[in-house]
Amino acid sequence: MSGIREAILSGRFVPDQRLIEADLSEQFAASRASVRAALAELANEGLIERVQNRGARVRAVSLAEAVEISEVRMVVEGLCAAKAAERATAADAAELREIGEAMRSAVASGDVLGYSRLNERLHRRVREISGQRTASDVLERLRAQNVRHQFRLAMHPGRPQTSLPQHTDIIDAIAAGDPEAAERAARAHLRSVIEALPDVDRGLAP
């Protein structure tokens, strides 16, 4: 039942929204048993929560938890960047540089949504190049739990201009095969995310 997950990740289902099995079954043309199994899986992933006598609802992530998630990401993303620097081929480095150039063009043209998609693509490719599957699984789960804050951060005025040089530093270090510099750059980027979260959180109120 990927449809429910996608609805949460895309923001169509909002934090604290009740998820009623009968409605979901009709909306996604699925059996009640399939919906129930999907909700149990999403609860394990931390995307929804069960409320006694009230069924399930989309889990809201507080600012404090968003900061904690980003702190964990800072460590694990640093690990992946270091591993990617050790493993990256010339073709990998060229691909990362192409993504970086596309990000630079998106910033220059004011294409915030395009930049956000490229941002996600860059982080995904670094994880893939790293070959660290356990870290990749952890990061994917954390990204899913924090998707609302991440989307608002991507849309925050001036954020692409701030993060572009941080991403460029990560790319340059991986392309140079310098694990220590790659880890430092990744950690610096996530530290910047953590510092920006309070401003973003103030704009999250319904």
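In this predicted model, the axes of helix H6 and helix H8 (residues 147-155) cross at roughly 130° and come within 9 Å of each other. Because an angle counts as roughly antiparallel when it is over 145 degrees, the arrangement of H6 relative to H8 is instead described as oblique. The crossing in which H6 passes H8 is right-handed. On the side of H6 the contact is made by Val-112, Leu-113 and Ser-116, and on the side of H8 it is made by Phe-151, Ala-154 and Met-155. When these residues are divided by class, five are nonpolar and one is polar, while no charged residue takes part in the contact of H6 with H8.

A second pair of packed helices is formed by H4 and helix H7 (residues 133-145), whose axes lie 10 Å apart and meet at an angle of about 155°. This angle makes H4 roughly antiparallel to H7, because angles over 145 degrees are placed in that category. H4 passes H7 in a left-handed crossing. By class, the contact of H4 with H7 contains eight nonpolar residues, one polar residue and three charged residues.

In soluble globular proteins, nonpolar side chains tend to be buried together. In the present model, the largest nonpolar core has 22 residues, and those with the most contacts inside it are Leu-96, Met-103, Tyr-115, Leu-122, Val-126, Ile-174 and Ala-182. Two or more residues are given to this core by each of helix H4 (63-87), helix H5 (90-109), helix H6 (112-130), helix H9 (159-175) and helix H10 (179-201). A second, separate core has 18 residues, among them Ala-7, Leu-24, Val-35 and Val-147.

The surroundings of Tyr-115 can be described individually. When its neighbours within four places in sequence are left aside, Tyr-115 is in contact with Met-103, Ala-106 and Val-107, and also with Pro-160, Ser-163, Leu-164 and His-167.

Another position examined is Ala-38, which lies in helix H3 (residues 32-45). Ala-38 has a relative accessible area of 7%, and this residue is therefore classed as buried, since the term applies to values under 20%. Although Ala-38 and Arg-5 are 33 residues apart along the chain, their C-alpha atoms are separated by 8.6 Å.

How values were computed
Residues are numbered from 1 along each chain as its sequence is written. This is a predicted model: local features need pLDDT of at least 70, side-chain atom pairs count only at pLDDT 80 or more; totals for chains, interfaces and linings use all residues. Side-chain values use heavy atoms; hydrogens and water are left out. Helices (H or I, at least four residues) and strands (E, at least two) are DSSP runs, numbered from the N terminus. Buried means under 20% relative accessible area, exposed over 50%, partly exposed in between (1.4 Å probe, protein chains only). A nonpolar core is a set of buried Ala, Val, Leu, Ile, Met, Phe, Trp, Tyr and Cys residues joined through side-chain atoms within 4.5 Å. Contact means heavy atoms within 4.5 Å. Axes are lines fitted to C-alpha atoms, for helices over the stretch in contact, and angles run from 0 to 180 degrees between N-to-C directions. Angles under 35 degrees count as roughly parallel, over 145 as roughly antiparallel, 65 to 115 as roughly perpendicular and the rest as oblique. A crossing is left-handed if the near helix is turned anticlockwise from the far one by less than a right angle, and right-handed if clockwise. Ala, Val, Leu, Ile, Met, Phe, Trp, Tyr, Cys and Pro count as nonpolar, Asp, Glu, Lys and Arg as charged, and the others, Gly among them, as polar.
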